[in-house]
Structure formats: structure tokens, C-alpha cells
Amino acid sequence: MSRLAGLLTRSWYAPQATALSLALLPLSWVFGACATLRLAGYRRGLLHATRLPVPVIVVGNITVGGAGKTPLVAAIAVALRERGFRPGIVSRGYGRRSDDVRRVAAGDDARDTGDEPLILAETTGVPVWVGADRPAAAHALLADSPDVDVIVADDGLQHYALARDFEIAVVDGDRALGNSRLLPAGPLREPPSRLESVDAVVMLGGTRAPAGGTAFTMQQVPQSWRNVANSARAFDDALLRDPATVAIAGIAHPDRFFASLAAQGFVGRTQAFPDHHAYSRDDVAF
């Protein structure tokens with residue numbers, strides 16, 4: 001499966017149209033028709049969207065894979081709290097062992113909560129709930145933390161069952177929208193025109209800003225090194241200059257991480273794994 005995903009990704013972001021992308025176009029037309037009908041159903045009231053008693057801010061994207069949503073959700077939650085609000089976060093919890101609704105607490109097993117919700121819980125200090133049913137997760141959050149007065153939904157742009165008051169679409173500024181085709185011929189979950197209906201488009205780096213929405217930019221800035229096994233252990237900068245050092249990443253766009261390391265003087269080898277990869281000892285046998 002990871003090999004197929006890699007093949008598709010290379011096809012989606014290739015500078016020229018590929019035979020694979022062209023062959024998948026008929027399927028993308030079917031996907032697009034289904035997505036359009038579903039959105040129309042919610043907008044016309046044929047499908048029910050749950051309205052919460054507090055404002056809902058949705059942060060998502062129209063492409064498959066990471067574009068910087070989770071760091072932006074964390075930044076928004078912290079900024080809201082600094083301004084006197086009491087935010088909470090809801091997320092699906094991608095890759096976890098079940099789809100039930102539950103609260104995420106620091107120290108939980110990422111296999112039960114999803115890795116990104118666990119990071120959000122540990123770094124923001126605000127209530128975080130996960131569930132495949134976003135409205136149910138939001139209701140549970142409000143029942144557990146009745147003082148919460150605004151909810152931030154992580155990766156919820158296409159989850160129309162949860163009504164929203166403000167939509168933010170995050171776009172990878174380096175890869176933009178790829179070939180601008182819908183799945184599976186391209187990386188898009190919704191047509192590029194969807195960006196015209198959101199309240200804000202936030203670009204992560206890069207210079208290729210797509211049309212639509214009010215555009216903002218954000219940058220990811222490296223912070224100090226931290227040993228996750230022993231926080232008291234200082235980082236030796238000489239490791240960056242050692243060709244034997246290996247950098248690994250299990251994220252959607254590992255090249256951005258590796259480029260950040262290179263900018264800090266890293267000269268070692270890189271090893272990319274699939275997004276949300278669950279590492280085993282064999283993976284790091286080198």
C-alpha cells in the first residue's frame with residue numbers, strides 16, 4: 001500500500017501530466033460528482049448539520065496529506081486562550097485503534113488517541129476530544145468542560161455534519177494543489193473553487209498562492225532540540241555534521257523536515273516512512 005501511495009503522490013505532484021493521472025480521470029469525475037452532491041445536500045438542508053451552542057472554527061485542507069493543519073490548530077488554541085477565551089479541540093484521531101468518542105490526556109497511548117490529538121493535548125493544555133463522529137465528540141467535550149466557549153476542529157473541512165462559523169483552509173505553499181485534479185487522479189478532496197468559499201486561506205511557506213479566500217502565510221520555525229527519552233540530556237550539535245547520523249520522518253511531506261535539518265548543518269542520511277508510521281525496532285535497525 002505504501003508503494004502505491006508513493007506512486008500516486010509522485011504522479012499528483014509531477015510537473016507534467018502522467019499516464020497514471022490521465023488513466024484515473026474517469027474515477028476522479030465520479031468522486032467529484034459525489035463530493036458536489038454531498039456538499040449541496042448539507043447546504044440545502046437535506047443532510048443534517050449539528051449546530052453547537054458555541055462558535056466552531058474548522059481548520060482543514062482540500063488536499064490529501066499534511067499541510068500544517070495541526071500546528072496551526074495548536075497556535076490558534078493558544079492564541080485564543082491568551083486573549084481570554086476558553087477553547088477546546090475536536091479531532092477524528094487518525095490511525096487510532098477505535099472510532100469511539102474519548103478525551104485525550106497527556107501520557108495517553110497514541111494508538112488509542114491518534115498521534116496528532118495527543119500532541120495537541122500535551123502542547124496546548126486545552127481540552128481535546130476525538131471521535132469519528134465530530135458532533136458527538138464536540139458535545140462530549142462541552143459536557144465534560146462546560147466552560148469552553150469556542151471549539152477548534154482539527155482537519156474538519158469536509159466533515160459537514162458539524163456546522164461551523166469560520167473555515168480556514170491550509171495549503172502547502174511548496175506543493176500547492178499539485179495537478180489540481182480530484183482523487184484519485186490528483187490530491188484534491190474538493191475542487192480548487194472550494195477555496196473561494198472559506199473565510200481564510202493560510203499558506204505554509206512557498207510562494208504559489210492559490211486564488212480564493214483571504215490569504216495569510218505561516219512559517220514553521222525550528223525550536224530547541226529535545227531528547228524525548230531523557231529531557232535532561234543535552235543535544236550535541238556535532239551529530240548534525242556526522243555523516244553517520246540518520247534522520248527519519250513519518251510525516252506527509254518529509255522533505256520539508258529534511259530541508260530544515262540541512263539548513264541547520266545536517267549532512268547525514270535521510271529515511272522517510274509513510275505518514276503516521278508506527279515505528280518498530282526493525283525500522284531503525286541501521
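Me: In this predicted model, is the crossing of H4 and H6 left-handed or right-handed?
Reply: The two helices in question are H4, residues 69–82, and H6, residues 115–124, whose axes come within 10 Å and cross at roughly 30°. Angles under 35 degrees count as roughly parallel, and H4 and H6 are therefore roughly parallel to each other. As for its hand, the crossing of H4 and H6 is right-handed.

Me: Which residues in H6 meet H4?
Reply: The residues of this contact divide into five nonpolar, two polar and two charged. On the side of H4, the residues that take part are Thr70, Val73, Ala74, Ala77, Val78 and Arg81, and their partners in H6 are Glu116, Leu120 and Thr124.

Me: What arc do the buried residues of H6 cover around the axis?
Reply: Buried in H6 are Pro117, Leu118, Leu120, Ala121 and Thr124. They lie on the same side of H6, because the arc that they cover around the axis is only 160°.

Me: Which strands do the buried residues of H8 pack against?
Reply: Helix H8 spans residues 254–263, and its buried residues are Pro254, Arg256, Phe258 and Leu261. These buried residues of H8 pack against the strands E6 (166–172), E7 (200–204), E9 (246–249) and E10 (269–272).

Note on methods
Residues numbered from 1 in each chain as written. Predicted model: local features only at pLDDT ≥ 70, side-chain atom pairs only at ≥ 80, totals over all residues. Heavy atoms only, no water. Axes fitted to C-alpha atoms, helices over the stretch in contact; angles between N-to-C directions. Helix = DSSP H or I, 4+ residues; strand = E, 2+ residues; numbered from the N terminus. Parallel < 35°, antiparallel > 145°, perpendicular 65-115°, else oblique. Left-handed = near helix turned anticlockwise from the far one by under 90°. Contact = heavy atoms within 4.5 Å. Nonpolar A, V, L, I, M, F, W, Y, C, P; charged D, E, K, R; others polar. Buried < 20%, exposed > 50% of the residue type's maximum accessible area, 1.4 Å probe, protein only. Arc of directions from axis to C-beta.
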